[in-house]
Amino acid sequence: MSRAKVGERLPYLLAKLKARRVLQRLEQTAERARAEEWPYEQFLETLLEAEVFARDASGARQRIKHAAFPALKTLEDFDWSVQPAAEKPLLLHLAQLAWIEERANVCFFGPPGTGKTHLAIALALKACQHGSRVAFATAQEWVSRLEQAQDRNQLEHELRRLERYHLLVVDEVGYLPLERQAANLLFALVSRRYERGSIAVTSNRGFEQWGEILGDAMVAAALIDRLVHHATMITLKGKSYRLRERGTGIAPSAQAPSLRDSA
Ligand SMILES: Nc1ncnc2c1ncn2[C@@H]1O[C@H](COP(=O)(O)OP(=O)(O)O)[C@@H](O)[C@H]1O
Ligand SMILES: [Mg+2]
């Protein structure tokens, strides 16, 4: 190969490797490396780093999209001052994601609008950014997904498929009571994931009311047992942030008389 042709095949080779960013930066980086007399290793490292960073970012984007969050919420936009029950140090610790490595769970309780879903999404988003596969749905949606699988005689297959996720978010357990069959499916989901993968649950009802939600105290007890064996429980308190956001200093009850009247 003559000198003039050194590097001639690089565009082809890099395209073949799908290393688009290496190709984009090649000329500029090579120039700089020559000018600054970089060691070979530094040159290669600089180019590959750009590629790897870009791939990580695009992987995270894919995982976030796939997770199907209803909205993107972060710990950074959480106002801790209105919700001291959400202990910031604990949440920041959970944001380190060791619990997902350990296949443990997190349960958020509290009245509507106190930030349960916000915090569950924030942790799940972090997980996506750090390489975990995540899926978000409400309890009702999970149940109907499993019902459909069962109707096709594919329940087992579907449960196995869900094992590929590192984290499932099960939002809004207890907003609607579940039929017996649905409760059994939710139990199947939780027990299948036990020590195999993480779950983050949000519920406006305490565990003592889950018997009622699931229509069966035994099923509820068995489900809770598996869920809490390795779990962090967080109970949020106070008034709905949704109502608070609307007004400027007007008490939520003054703005929503129907809520006060029915309370
Ligand atoms: N402490 C907070 N700081 C910032 N936004 C909050 C806070 N608590 C709730 N929100 C916002 O208020 C709305 C309702 O919160 P959400 O998490 O859906 O409540 P829940 O799931 O407990 O019913 C969301 O838009 C959420 O982002
Ligand atoms: Mg919610």
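## Helices H9 and H11

Let's start with a helix pair: H9 and H11 cross in a left-handed sense. This is a predicted model, so the description here is of computed geometry. In that model, H9 covers residues 180-193 and H11 covers residues 217-229, with axes that come within 9 Å and cross at roughly 20°. Because angles under 35 degrees count as roughly parallel, H9 is roughly parallel to H11.

Which residues of H9 and H11 make the contact? On the H9 side they are Ala-183, Asn-184, Leu-186, Phe-187, Val-190 and Ser-191. H11 answers with Val-219, Ala-222, Leu-223, Arg-226 and Leu-227. Sorted by class, this contact between H9 and H11 holds eight nonpolar residues, two polar ones and one charged one.

## Helices H3 and H6

H3, residues 40-67, packs with H6 at an angle of about 140°, and the two axes are 8 Å apart. That angle makes H3 oblique to H6. The handedness can be given too: H3 passes H6 in a right-handed crossing.

Where do H3 and H6 meet? From H3 come Ala-60, Arg-63, Ile-64 and Ala-67, and these meet Ala-124, Leu-125, Cys-128 and Gln-129 of H6. The class make-up of the contact between H3 and H6 is six nonpolar residues, one polar and one charged.

## Around ligand 1

Helix H6 comes back into view at the ligand. How many residues surround ligand 1? There are 17, and the closest are Gly-115, Lys-116, Thr-117, His-118 and Tyr-241. Two elements give two or more residues each to this shell: helix H6, which spans 116-129, and helix H12, which spans 241-246. Of the elements, H6 gives the most, with three residues.

## Domains of the chain

Stepping back to the whole chain, the domain assignment gives two stretches: domain 1 runs over 11-42 and domain 2 over 67-244. How far apart do the C-alpha centres of domain 1 and domain 2 lie? The distance between these centres is 45 Å.

Technical notes:
Residues numbered from 1 in each chain as written. Chains lettered and ligands numbered in written order. Predicted model: local features only at pLDDT ≥ 70, side-chain atom pairs only at ≥ 80, totals over all residues. Domains from an automatic or database assignment. Near = placed C-beta within 6 Å. Helix = DSSP H or I, 4+ residues; strand = E, 2+ residues; numbered from the N terminus. Axes fitted to C-alpha atoms, helices over the stretch in contact; angles between N-to-C directions. Parallel < 35°, antiparallel > 145°, perpendicular 65-115°, else oblique. Left-handed = near helix turned anticlockwise from the far one by under 90°. Contact = placed C-beta atoms within 7 Å. Nonpolar A, V, L, I, M, F, W, Y, C, P; charged D, E, K, R; others polar.
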